[in-house]
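Notes are below, in the order I went through them.

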Amino acid sequence: MQSWRRRKSLWLALSASWLLLVLLGGFSLLRLALPPRPRPGASQGWPRWLDAELLQSFSQPGELPEDAVSPPQAPHGGSCNWESCFDTSKCRGDGLKVFVYPAVGTISETHRRILASIEGSRFYTFSPAGACLLLLLSLDAQTGECSSMPLQWNRGRNHLVLRLHPAPCPRTFQLGQAMVAEASPTVDSFRPGFDVALPFLPEAHPLRGGAPGQLRQHSPQPGVALLALEEERGGWRTADTGSSACPWDGRCEQDPGPGQTQRQETLPNATFCLISGHRPEAASRFLQALQVLAALQEMSPARVLALRQQTQFLWDAYFSSVEKVIHTTLEVIQDRIFGTSAHPSLLWNSPPGALLALSTFSTSPQDFPFYYLQQGSRPEGRFSALIWVGPPGQPPLKLIQAVAGSQHCAQILVLWSNERPLPSRWPETAVPLTVIDGHRKVSDRFYPYSTIRTDAILSLDARSSLSTSEVDFAFLVWQSFPERMVGFLTSSHFWDEAHGGWGYTAERTNEFSMVLTTAAFYHRYYHTLFTHSLPKALRTLADEAPTCVDVLMNFIVAAVTKLPPIKAPGGPGPRPKPPAPAPDCINQIAAAFGHMPLLSSRLRLDPVLFKDPVSVQRKKYRSLEKP
């Protein structure tokens, strides 16, 4: 029941918009319009509103259903339920692990890429014996061939049949105990709480990434219809803000005027669009009971804007690409299996969403860096320094002393990642010092080590040069922006028209979009994302081309926050120029993400009185200005 409540809350948020509103009285069918592709250099961040602080979030904690522990809802009709049709004991070890049946015969390029996407995800396992869920990707729509029953079918127990498009041929075998995730299922065959309803995706829907929503303004334009109702035989009937309320029975006699009915496949330009289920009488009764038009006319502009903003988040988080739709389906099934131990309602309905708030890290919103403000909390006042020692493997004695001198340092971890033997002696420090013998891979720097006891991590390279004052001030900056990266050395990306791709420069300019992880603060949650959420191919790229790891980590944080990093004062003396990443590194990462998440900034935060012509005795961070 809990999982169904959570999904209902998510669909209700998606429904109230100028894009679409789904009637929850019956089975709902989504028709998603494909927005135009953005220009390569266009920004794809969240919409920014000047009056954002005056608006209430659509998904306030008080509005969401309480997350009570309850078993998954049994499907209606038939004898199949979660106890008899699904063996949850197979999922208790490593969570939801999915085995994908290999394709048989000719498959399309789209299906080939979908299979590769699942196989590269954190859900995938190559062993059917160790799988919690066995997935059969239906090939019916793309190839015209009917899928055959797998050898390990076992009456469909712990199986999921995935259909992204309506099947043109009849089912060639009994589904039995198998779950079905498909577009446009019929009311008679759909089992609420067991099957998964997918939106109808256009053939050109992007595989990954996807374009942002089309909301570009604060409020509806003057003259735009307030409400559009989908008619039974197609087309739309609209009503403007001057219309009076009336019971809708397929037409509104009190809403005269030419051009009220529009015959078109795409959604009309209205503030609210109501899409009925398969039974027209259900929509009619629903509208008569709610007197919808009158209710919408009384809705404040701030509330309308909050609903519009929520649709943009839901579109971007769960529906803008085929990959997100598939991963959302798997997350929904995982929530049904584990109940509230997977994702509370807040994580589904607040940015960045359930796909980026991994339950393997925590199930409490207050543990994630992007929910501190919403939860009224803040990170603790200590950090862990993680110093990576690669070739040539000299112990960073001076750096250890400088970091250990910080009043905010809780511990120092030295990650020894080179062929030379570990030194027998290390310097005495006022904080605990732990040496970890790494696996000689750059990706080891971003592993979620259990020995890290604080929320904040200061990532350092053994060749970094920082003073205690620089560390102290940068950490105070990070405490104010715990969801972002705060660093000292910066770089920036740009669109190269000549080569038709992204470029990267480490030249010092006023504008930047990345900070180097050789000296940067960030939340430890991003280690979990790096290790458990990134496709294996990207982690391999980081190991094979170590200079790509800075770009990759900045991509992760920018994709989650939709915000740029922050630069702290670089400190005294010349700094070595960072090495440039491998050729085409940034383009490979952008292709894997499906879009460019990096955002540029010119913001640098300095201490009060920094470089002001006043007595040095009045300055708290005096050493920052020493030559």
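What follows are my entries, one topic at a time.

**Entry 1: what I am looking at.** I am working from a predicted model, so I keep that in mind throughout.

**Entry 2: a three-stranded sheet.** I looked up the strand order first. Three strands make an open sheet, ordered S17-S16-S18, with antiparallel pairing. At the edges sit S17 (501-505) and S18 (514-515), each of which pairs on one side only. I then checked how S16 meets S18. S16 covers residues 490-496, and two bridges join S16 to S18, the two running antiparallel.

**Entry 3: a strand pair elsewhere.** I moved on to S7 and S8. S7 is residues 225-230, and four bridges join S7 to S8 in an antiparallel run. Here Glu230 is the residue opposite Trp236 in S8. I also checked which way the side chains of S8 (residues 236-239) go. Trp236 and Thr238 point one way, Arg237 and Ala239 the other, and all are buried.

**Entry 4: salt bridges.** How many salt bridges does a search of the whole structure find? I got nine. As background, side chains of opposite charge can pair when their charged atoms come close.

- Arg122 and Glu331 meet through their side chains at 2.1 Å, N to O. The pair links distant parts of the chain, 209 residues apart: Arg122 is in the loop between H3 (109-119) and S3 (133-137), and Glu331 is in H8 (residues 322-338). Both Arg122 and Glu331 are buried.
- Glu182 and Arg163 form a salt bridge at 3.7 Å, N to O. This pair also links distant parts of the chain, with Glu182 in S5 (residues 179-183) and Arg163 in S4 (residues 159-163), 19 residues apart. Are these two buried or exposed? Glu182 has a relative accessible area of 10%, so I call Glu182 buried. Arg163 has 7%, so Arg163 is buried as well.
- Asp437 and Arg440 meet at 3.0 Å, N to O. Asp437 counts as partly exposed because its relative accessible area is 47%. Arg440 is at 37%, so Arg440 is partly exposed too.

**Entry 5: the second largest pocket.** Next I went looking for space. I read off a volume of about 870 Å³ for the second largest pocket. Its lining has 34 residues, and nearest its centre are Glu323, His327, Leu356, Ser533 and Phe593. Which helix gives the most to that lining? I found H8, with four residues. The elements that each supply at least two lining residues are H3, H7 (301-319), H8, H14 (536-544), H15 (549-561) and H16.

**Entry 6: cavities.** Last, I counted closed spaces. There are eight cavities of 30 Å³ or more. The second largest cavity holds about 70 Å³ of space. I listed 10 lining residues there, with Thr110, His165, Pro202, Glu203 and Val322 nearest its centre.

Methods
Residues numbered from 1 in each chain as written. Predicted model: local features only at pLDDT ≥ 70, side-chain atom pairs only at ≥ 80, totals over all residues. Heavy atoms only, no water. Pairing = 2+ DSSP bridges. Salt bridge = Lys/Arg side-chain N within 4 Å of Asp/Glu carboxyl O. Buried < 20%, exposed > 50% of the residue type's maximum accessible area, 1.4 Å probe, protein only. 1 Å grid on protein atoms, 1.4 Å probe; cavity = no way out; pocket = protein on both sides within 12 Å on 5 of 7 lines; lining within 4 Å. Points joined across faces, edges and corners; volume = space filled by probe spheres on them.
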